[in-house]
There are 2 protein chains.
Amino acid sequence: QESPLSKPKVLHSREVARTRLFRVEEMGLRFSNGVERTYERLVGFNTGHAAVMVLPLLDDQRFVMIEEYAAGTEDYQLSLPKGLVEPGESLLEGANRELMEEAGYGAHKLELLTELSLSPNYMSHRMQVVVARDLYEMRLEGDEPEPLGVHVFHFDQLPELVQRPDFTEARAMVALYMARDLLRSPQGDVQSTI
Amino acid sequence: QESPLSKPKVLHSREVARTRLFRVEEMGLRFSNGVERTYERLVGFNTGHAAVMVLPLLDDQRFVMIEEYAAGTEDYQLSLPKGLVEPGESLLEGANRELMEEAGYGAHKLELLTELSLSPNYMSHRMQVVVARDLYEMRLEGDEPEPLGVHVFHFDQLPELVQRPDFTEARAMVALYMARDLLRSPQGDVQSTI
C-alpha cells in the first residue's frame, strides 16, 4: 500500500443552503498537486446528534426488522430501528429507546458493532451500529405517524432478503452481514471482536 | 408477514432548497390512519443520471479498491469506483468508463449485482452495483483532481477491512459481502443469481 496522501487545503467554505433538516456547504479545495476544485457537501444532517442503528437479535440465528414508509423512495421499506441520540442519553441508551419505540423490544445487552458513513464524498454523516441482545418485550410511544411493521428473519434468509425490492438500505445490510459473519466465526461471539 | 400497508397520500410537495448538486423537497403526507406529517427529503441528487458503483474482481479471491479524498468526511477513504452514467451510455458502459478512469482497468465482463439506496427515509437516491471481471489494464483520463490510489485486497481480508477507519462506506461494503457470498456459494458464480 502507498503512504497516506497529503490532504487538500481548504481555501474557503460557506453555507449555500439550509432547510429544517439539511445544510449544504460549498468548499474550495487545493489538492497537494496544486489543482483547485469547488466541492459541495451535505453537513449537519441530523443537527449534530449522533445517529444510531440497532440490530436486534432474538438469538444467534434470528433478527428483528421494521417496516416503515420511506418518504425518500416513496414506498414501504424494511430496515432496522434507528434514530438520533437525545441530549442526556448515551449512545446505547438512545439505541435501546429507539428499539423500544420502533420494534417493541428492550435489550439487556447492547454493544457497538461499527461506524458507517453514507456517501463520504458528499456527506459528513456517520452512523453508529449497535447489536442488541437478551431482548424483552417493551414498547415505548415514539413519534412515528403510524405503527411500524415488525418482522422476524433468519440469517439463512439473508441472500434472498438483500434482493427484495423493499429492502435496499445499504447500512442495514452491512449490519446484517457483519453480525452474521461474527456470529458464525470460530470465536462465535460479537463481543470477542470489539 | 403482514399485508402491505396503504401508502400515505401526498397533500403537497414543494422545493425548499436547490444548490449545484442538491435539491431538497418538502412533502405533506397524510397516513392511512389520518395522521398528517411534513417530511423533507433530498431529491435529484446526481441530477437524474443513473449512479453506478463497480466491484472489479481480479479473480474469485481478489478485488480492486480505490483511495480518494472524501470531502464529506474530510479524509482519504477506500471505496469502489463509481460515478454517473453519461447521456448515450448504457449502465454497463458507464460502469466500464468509471472503472478505466478511477482504477486503470477495463472489463470484458460486466454484470448487475444489485440496487442500493442511501437513506430511503430521507433521500430518493439509488445506485446500481456492477461486478466487473476479465479485467485488462486500461486508463482513461477522468475529472479527478489528483490520481487515485489503487489497492488490491483478498476476500479473506474483508473482516479487517470493514473495521478500518478509512473504509466506512456502507454501499461498497455491501457490494463486497454480497459478491463474496455469491463467489463462495455452492453455485460458485455471480451470474447464476441474476
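**Contact range, chain A.** I looked up how far apart in sequence the contacts of chain A reach. Among contacts between residues at least 6 apart in sequence, 58% join residues at least 24 apart. I keep in mind that this is a predicted model.

**Chain A overall.** I checked burial next: 56% of the 194 residues of chain A count as buried. The accessible surface of the chain comes to about 8,200 Å². Carbon and sulfur atoms account for 47% of that surface. Along the principal axes, the C-alpha atoms fill a box of roughly 55 × 45 × 35 Å.

**Elements.** I found three helices and ten strands in chain A. Read from the N terminus, their order is β-β-β-β-β-β-β-α-β-β-β-α-α.

**A sheet in chain B.** I then turned to chain B, where four strands make an open sheet with mixed pairing, ordered β7-β4-β9-β8. Its edge strands are β7 (82-84) and β8 (105-117), each pairing on one side only. From one strand to the next, the twist averages 30 degrees. I followed β4(B), residues 51-56, to β7(B): the two pair in the antiparallel sense over three bridges. B:Val52 has B:Gly83 in β7(B) as its bridge partner.

**Helix on the sheet.** Which strands does helix α1 of chain B lie across? I get β4, β7, β8 and β9 (126-137) of chain B. The helix covers residues 91-103 and runs at about 115 degrees to β8(B).

**Two copies.** I laid chain A on chain B: a turn of 180 degrees and a shift of 0.0 Å along the axis give an RMSD of 0.0 Å. That is the relation of a two-fold axis. I also compared the interface residues: 100% of those of chain A are interface residues in chain B too, so the copies meet through the same surface.

Notes. Residues are numbered from 1 along each chain as its sequence is written. Chains are lettered from A and ligands numbered from 1 in the order in which they are written. This is a predicted model: local features need pLDDT of at least 70, side-chain atom pairs count only at pLDDT 80 or more; totals for chains, interfaces and linings use all residues. Side-chain values use heavy atoms; hydrogens and water are left out. Two strands pair if DSSP finds at least two bridges between them. Axes are lines fitted to C-alpha atoms, for helices over the stretch in contact, and angles run from 0 to 180 degrees between N-to-C directions. Contact means heavy atoms within 4.5 Å. Copies are superposed by least squares on the C-alpha atoms of residues with pLDDT of at least 70 in both. Buried means under 20% relative accessible area, exposed over 50%, partly exposed in between (1.4 Å probe, protein chains only). Accessible areas come from the Shrake-Rupley method with a 1.4 Å probe; for residues, only the protein chains shown count as cover.
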